[in-house]
Amino acid sequence: MFDSLIKFVREAPPEELAAIEIEEMALVSAWYDSHRDNAEFVAEYADLPEKIEYWLAHSSQVDVQTEGRRLQPLLREVLDRAVSERPPKLHRSELDLLVHAHNLIKRHPDPGRFERLAIFFEREHSAIEAARDGMEPVAGLAGLADFLRIITPEDILQAQKRSVSNFAGLKMPGRGPVFHHKGNVKVMGYVPDDCMLVAEDGSCLVHGFVFGRVAATNDCEVRDNIAGVVVVSLGDIRARNALTTAFVVSKWGQVVLRRTERVKLLFAGRLLHIKEDADGGRYASPEIVVDGHVHGGEFSVSRSMKAERFETAPGSETVIVLRRSITPEDYGGLVDPIATRLLGSIRRVRHQKEALRERIRLAENERRQFATNAIQFMTGGDALLQGLQAIVKQEQQLSLCIRVISALDSVTLAIEEQISASIADMNAADDEEVRDAAALVRELTRELEDAADLSAMDDADGVLAGDIEEVAAILGDLNRAEASRNISTDLLLNLRNRSDEWQQKRGKLIESLERKMVAIEKLLGTSDVRTKNAKLSELKVLARILQAAGKRPPGDVLAARTQSSFVKLMLRQIESRRDRIKQYQEKIEAADAELAKLGERLENEAKIPVPKEFGETEEPPHVTGAFSPGIVICTDRYFVEDTRAPEATTLITGDSGTEIRCYMRSQNRILPRDEALQSS
Amino acid sequence: MTGRESIPVIAIDGPAGAGKSTVARRVAERLNYAFLDTGAMYRAATWRALNHRIPWHDRDALIASTRAMALEFKDGRVRVDGQDVTDEIRTAEVTRNIRHLDGIPEVRAQLGSLQRRIGTARPTVAEGRDMGTVIFPDAVCKVYLDAGLEERARRRAAQLSEQNSQVDVKEVLTEIEARDANDQTRDAAPLRAAPDAHRIDTTGLSVEEVVERIVQLVEGTQRAG
């Protein structure tokens, strides 16, 4: 059962023998000891005690710097059960393993290396030995091999040759020896070129390099470097480095490495963590952390990316793509139709939540603005009325503008994704996202009602009426496209152009508003009550003023101003926004309930853990670090060289020196973080 | 010990695809040495011959072309007769045709003399095929980098893919095998490790790991010296 391990220990060159783990040596020692009543056996394997002594004398000199350190699953499993089960229900072979591990630690020149084991044995060694002595010995450590199969590169090379068209759910044809095992597998050495190793329903531990291909359901730990293919379905991948031509995919977990060099692809369904530098290659994960520097490469994230510094490399630019989602398509995954539909629905509902949160932020902002306007009027009186009315109208215009831009961006994003899906697969396009986004534009009719209320106040120049007409025209285009099922690139370009026009309008409105507000502030001078109550929100200040006004005698100026049509209008708008916020919050709760159901179905029907991505955090996708000049940050890789790409979809950094900067995706634009948060 | 004084040159030799250029450049950066890319010199000479459409059988013309070549290395860029050819000299076409020049003793002598002049001007890391055996036999530290054939083919294929060339790994492997055979069997300065070279198998190692090993070797040599 441990034939390959025994053969390896007997034949390994000294430096490889010194580098093996205590688990292997404890197995060898326990295995040899289990045959001690067999004189013939003892004679045949007489060299094993010598090997154990060599390991004891030299293993402390070996210090392998790697992330792929968790190479002792058997010892860990037995130890976990010994600690958690009371009394421990370990069988004789497991107790033998523990006893021999303890003996090795006692004799080891550097016992501090085995801290967890040492602490355990300090407490439990008497109980373990007593339990063991009360059981019949079992030759050959029967039972342990069920948990872990130990093999060598020769075992893999001698496996049956097969031709495969898919590997671990990826379209990856190949031909060569395929070693398939149900359970955990440990390789005492490397995985050779052109070979495939599959650990079904288990983890794979590799003591050396991976040159060939490895697939595991759970985790994969590689002590040396990956130059071939490693794919795990549910667990994590940890190794020293990933090199040129490495293709590393953890479909739903983490990938943790020291360094990377021009990797073919590194994908992590949850988090990619590189402890030193990343030098070139392609990477995709919702979240990427590089503790060192980035020198070239293409990085796609949907939550965040962080590095100490981003630099370009000779012949290799650094491109960071801030995306709405990272999907199995990024690694060429073949996800089954049920999972694809469920993942699509989860993404859609998350985008809905994102849109709802944005609308809550807008509505809260508007409430504060209306409160400010009311406070300014009550403080400054009729002298400010005309100016304030102009401000309110422009604020409403700006608010409408922001909503239109947001709705247009949502629609264009949804249309882009639908077009991309139908290019990839004519039958796969799902127009649910487009319908959801179109519904956002339709909800603008509610905004129009509020705008009508405000335009009744004063719209002599017809500006608001003009905006209302434009929004109606956008709605008309969308309705016609949907009715004729003609969601096409022409519509996309039309909507993008309109979005750009509204962006320009927004910019001008902001400038104009700033000028008007400065004028009002000048008139108010030191009498602005807000500056006297700087720690309170505008709404609280307004509430206090209204309360104070209510106690004033009839005819009092402040009391009269609270009854003015202007203040009443502001209060109505504040109430309306509060009601709307409450409705949005109810919709978010409904979305959360739907997400919980979808997540349950995904785990039960498709056996896939629910992916975490944007929508679960407050911040849109962003990248943080110090930047050298020329780092490209974009919403889509193909916009970088496209002269027709929408404005601000690509940003090229300047030199930030040692200063840490953050750039964020705001809808379909890349902006510095502060600007991005302000624009929403 | 030859009785001759060591020169401050680190000689890095090895077959095609062993990672010599990348490693040598990084070692030079780490140690603040100059970097001598002799492979680029042969590539430049080959590119010039292709550019001037010199037939490969015309030995005299090839020798004359190499002698006439104005070769310049600056800021990591390679210039031939005033033209920046840094990317052009790394194409598959140049790679395929280097063998027509690097087997001509007169060409090797011309470029070798240039290499010696450059290499002894200041502490230098020199990479090529015969640095430790012919050009700098008294180098203070000699390294021979090697890697398995499949590993070298994989690296070379990845390099070509980055240059947007269509790549067939099997073709690359055949090409590397052919280059190995040519390098090892030519009369003029065949590829082999100097007897006093440190051999490093780079199979599966990252560039940083190889660089670290060489730097430690150099520092060890300096301490012993």
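Guide: A residue counts as buried when its relative accessible area is under 20%, as exposed when that area is over 50%, and as partly exposed in between. The model is predicted. By the cut-off for burial, 55% of the 680 residues in chain A are buried. The secondary structure of chain A consists of 20 helices and 25 strands.

Now the interface itself. Chain B brings 14 residues into contact with 14 residues of chain A. Together the two chains bury an area of about 1,200 Å², and carbon and sulfur atoms give 48% of that area. On the side of chain B, Arg154(B), Gly204(B) and Glu209(B) supply 38% of what the chain buries against chain A, which is more than any other three residues supply.

Specific pairings come next. The count of salt bridges between chain B and chain A is two. One salt bridge joins the side chains of Arg26(B) and Asp279(A), with an N to O distance of 3.7 Å. Across the interface of the two chains, seven residue pairs are in polar contact. On the side of chain B that touches chain A, the elements that give two or more residues are helix H8 (149-162) and helix H10 (207-224) of chain B. H8(B) provides the largest share of that side, six residues. By residue type, the side of chain B that touches chain A divides into seven charged, four polar and three nonpolar residues.

That leaves the cysteines. A disulfide is a covalent bond between the sulfur atoms of two cysteines. Over all chains, a search of the whole structure finds zero disulfides. Cys195(A) is in no disulfide, and the nearest cysteine sulfur, in Cys204(A), is 13 Å away. Cys195(A) counts as buried because its relative accessibility is 1%. For Cys662(A), the closest cysteine sulfur is in Cys634(A), at 16 Å, and that is too far for a bond. The relative accessibility of Cys662(A) is 17%, so this residue also counts as buried.

How values were computed. Residues are numbered from 1 along each chain as its sequence is written. Chains are lettered from A and ligands numbered from 1 in the order in which they are written. This is a predicted model: local features need pLDDT of at least 70, side-chain atom pairs count only at pLDDT 80 or more; totals for chains, interfaces and linings use all residues. Side-chain values use heavy atoms; hydrogens and water are left out. Contact means heavy atoms within 4.5 Å. Buried area is the accessible area (1.4 Å probe) that two parts lose on being put together, summed over both. A salt bridge is a side-chain nitrogen of Lys or Arg within 4 Å of a carboxyl oxygen of Asp or Glu. A polar contact is a pair of N or O atoms within 3.5 Å; within protein, one must be able to donate a hydrogen and the other to accept it, and residues adjacent in sequence count only if both atoms are side-chain atoms. Helices (H or I, at least four residues) and strands (E, at least two) are DSSP runs, numbered from the N terminus. Ala, Val, Leu, Ile, Met, Phe, Trp, Tyr, Cys and Pro count as nonpolar, Asp, Glu, Lys and Arg as charged, and the others, Gly among them, as polar. A disulfide is a pair of cysteine sulfur atoms within 2.5 Å. Buried means under 20% relative accessible area, exposed over 50%, partly exposed in between (1.4 Å probe, protein chains only).
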